[in-house]
Amino acid sequence: MNQLREEIGADVVFTDPTTRLAYSFDATPNYQAMPDAIVAPRSTEHVQAVLRLCHTYRIPVVPRGSATNLAGGTTPLSGGVVMDFRHMDRILEIDEKNLTVTVEPGCITVHLAQAVEAKGLFYPPDPSSMKISTIGGNISENSGGLRGLKYGVTADYVLALEAVLPNGDVLHTGGKLAKDVAGYDLTRLLVGSEGTLAVITQATLKLIPLPETKQTMLAYFEDLDSAARTVSRIIENRVIPATLEFMDKKTIEVVEAYANIGLPTDVGALLLLEQDGPRDVVRQDIEEMHAVCLEEGALSVEVARDEAHAETLRYARRIALSALARLSPTTILEDATVPRSEIAEMVRRIEAIGQAYDIQIATFGHAGDGNLHPTVATDARNHEEMERVEAAFADIFAAALDLGGTITGEHGVGAMKAPYLEWKLGPAGIDVMKGIKLAFDPHGIMNPQKMFAKAAKKRIVQGGKS
């Protein structure tokens, strides 16, 4: 590492045991490994210098944002260098003529959102971790969020990227363009690549006008079936809410015990619904969604009185993971996505799988786009229980695929889901991905042991229907 210190400065290279330990894990339980060094570059040129050395000496490189990753994607499982972008966090330009913003990868998501909203503009992607997650991390994972149903995910807003290839060369993709079909879409290829192809050093993102107004409401249901029917009816009626979230009974109980915000704990499910846009359109859509909820058997519907009340209602959904994390030393939050029409069936299968493996699973998530977050409170020190939890999640992924879904809607593959990726893509898909990886990274230094690095597990459902 002395050569690295000489090239980019000793003040951004760290090899002490305490710092290395702090960068040995992310937000994923049970995945931890010590890196050999941490580098906090201050420029694209620093990133180039790091990658050239690592490419020459075959040293693994793990790009990392705020480490909110939930699939083991930023754990240095092969050692090597962890690249921390805390110093590359600037908003470089807000272009009001072209409705774009250009940022460095370490820019915190909420800081970007606040900066553009101050100018009457809007960056819609809103992962639950947006107060601490970085744009570079969002791009690497193609993060979603509560507004995904109406506005899409991170990939829908990335117009251009500057990225450094493993050999140190700089790649520029895209631009401030409404149309660009010149060659392969390398921008889209890098979005969601989880740091396995290149290191993103700059991103230009699309903005839209800030919605005029927004309104929020909660609807409570006796069971999940009626809540799921409501979701389908709302979409069938051509209403696309800005937010359409759900929580099951277990999650409601835990959130209320944690936050004491007045949620009824004798209901089977709740929906959080929001709409934004022109005032008259919002009022009309909220009235229509309110009516559909009642028609499908909602026990009650609570419309926010003002923005403070709306924030309380949103808070109930956003703190679900924090509330569940209080139950046991280890919290495993997963994600699987199914077609909206299969949400109720998927939750039933999750419940059956939990019973089969004798574990408690709480489920919440993005009802509007079918992205569910089954969550288990457990203890990593209980190896027998952890084996049951792992087997249960394998069954959950298989069930999602059986219903026409996927193994991950927004958390990514990382290390945790690498054994299941072939279930979704098949052998031909894995081979294509490996070919792309080889073209970008012939020495395999970029975030190794992620994505397809593990052999596929045999797809057998033991606890649920397949």
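**Exercise 1. Find how the axes of helix H8 and helix H10 are placed, and classify their crossing.**

Step 1: Helix H8 covers residues 224-236 and helix H10 covers residues 279-295, where helices (H or I, at least four residues) and strands (E, at least two) are DSSP runs numbered from the N terminus. The model is predicted, so that local features need pLDDT of at least 70 and side-chain atom pairs count only at pLDDT 80 or more, while totals for chains, interfaces and linings use all residues. Residues are numbered from 1 along each chain as its sequence is written, and side-chain values use heavy atoms, with hydrogens and water left out.

Step 2: The two axes come within 9 Å and cross at roughly 140°; axes are lines fitted to C-alpha atoms, for helices over the stretch in contact, and angles run from 0 to 180 degrees between N-to-C directions.

Step 3: H8 is therefore oblique to H10, because angles under 35 degrees count as roughly parallel, over 145 as roughly antiparallel, 65 to 115 as roughly perpendicular and the rest as oblique.

**Exercise 2. List the residues through which H8 meets H10, and sort them by class.**

Step 1: From H8, Thr230, Arg233 and Ile234 meet Met289, Val292, Cys293 and Glu295 of H10, contact being heavy atoms within 4.5 Å.

Step 2: These residues divide into four nonpolar, one polar and two charged, where Ala, Val, Leu, Ile, Met, Phe, Trp, Tyr, Cys and Pro count as nonpolar, Asp, Glu, Lys and Arg as charged, and the others, Gly among them, as polar.

**Exercise 3. Describe how H8 is placed against helix H13.**

Step 1: The axes of H8 and H13 (residues 343-356) come within 8 Å and cross at roughly 150°, and the two helices are therefore roughly antiparallel to each other.

Step 2: Leu224, Asp225 and Ala228 in H8 meet Ala344, Val347 and Arg348 in H13, a contact with four nonpolar, no polar and two charged residues.
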